[in-house]
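Student: I have the model open in the viewer. Take me through its features one at a time.

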Amino acid sequence: YAGKNTKSLLAEKIRSIKVSDIKAVPVVIKEETSVYDAIVTLFLEDVGTLFVVQEDGSLCGVVSRKDLLKIAMGNADIRQIPVSVIMTRMPNLVTVTMEESAFDAARKIVEHQVDALPVVKPEEFEGKVKYKVVGKVTKTTITRLFVELGRG
Ligand code: ADP
């Protein structure tokens, strides 16, 4: 007879957990970084997604494993090509803020079919909004949380 109550308790719980409680350390690279160096960074840092930032540290793109595989499979000279050419860019990026819930983050990952979300802090600069990268939430982050919740 654990039906509705248990379910709504679980919903309440995952909505009460904030992104700030679960976020992981992001790996960021500059937009001039070559595709070759981005692939090296992927291996060295043991991550699947890299966040690309401008000189001032604000978020401008995301590169995934498959973005890198795709370009590396062609005949392109990947030492000469900057990641800015292949990255998914603003304003098409799916992001979360510290105040959003673990549920919001997991929902965005599922709905937009991506592996990772940058956690951003919006900052207004000369009338423009810039997004500082302060963390990441990935499928691994959510799986970890799931395991923690399962432990009870
Ligand atoms: P992979 O491509 O390695 O399977 P993803 O599923 O995360 O990894 O990425 C799929 C596509 O979505 C890629 O082209 C990538 O650049 C883009 N992408 C990844 N993360 C995001 C994000 N947070 N917002 C927008 N686009 C993203």
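Tutor: Start with strands. Two strands pair if DSSP finds at least two bridges between them. Helices (H or I, at least four residues) and strands (E, at least two) are DSSP runs, numbered from the N terminus. Here, K30 has V53 in β2 as its bridge partner. This is a predicted model, where local features need pLDDT of at least 70, side-chain atom pairs count only at pLDDT 80 or more, and totals for chains, interfaces and linings use all residues. Residues are numbered from 1 along each chain as its sequence is written, and side-chain values use heavy atoms, with hydrogens and water left out.

Student: In which sense do β1 and β2 pair?

Tutor: Strands of a sheet pair through backbone hydrogen bonds, parallel or antiparallel. β1 and β2 (residues 49-53) pair in the parallel sense, over three bridges. They belong to an open sheet of four strands, ordered β1-β2-β3-β4, with mixed pairing. Its edge strands, β1 (28-30) and β4 (88-89), each pair on one side only.

Student: How many bridges join β5 to β6?

Tutor: There are 10, and β5 and β6 (residues 128-138) run antiparallel.

Student: How do I read a positive phi?

Tutor: Most residues other than glycine have a negative phi, and most peptide bonds are trans. D46 is not a glycine, yet its phi is positive, about 55°. D46 is found in the loop between α3 (35-45) and β2.

Student: Which peptide bond is cis?

Tutor: The one from M90 to P91, with omega near 5°. P91 lies in the loop between β4 and α5 (102-112).

Student: Where does the ligand sit?

Tutor: A pocket is an open set of points on a 1 Å grid over the protein atoms alone, where a 1.4 Å probe fits, with protein on both sides within 12 Å along at least five of seven lines. A molecule sits in one if more than half of its atoms lie within 2 Å of its grid points. Here the ligand sits in the largest pocket.

Student: How many residues surround the ligand?

Tutor: A residue counts if one of its heavy atoms lies within 4 Å. The shell has 15 residues, the closest being S64, D67, T88, V94 and D115. β3 (59-64), α4 (65-73) and β5 (116-125) each supply at least two of the shell residues. By class, seven are nonpolar, four polar and four charged. Nonpolar means Ala, Val, Leu, Ile, Met, Phe, Trp, Tyr, Cys and Pro; charged means Asp, Glu, Lys and Arg; the others, Gly among them, are polar.

Notes
1 Å grid on protein atoms, 1.4 Å probe; cavity = no way out; pocket = protein on both sides within 12 Å on 5 of 7 lines; lining within 4 Å.
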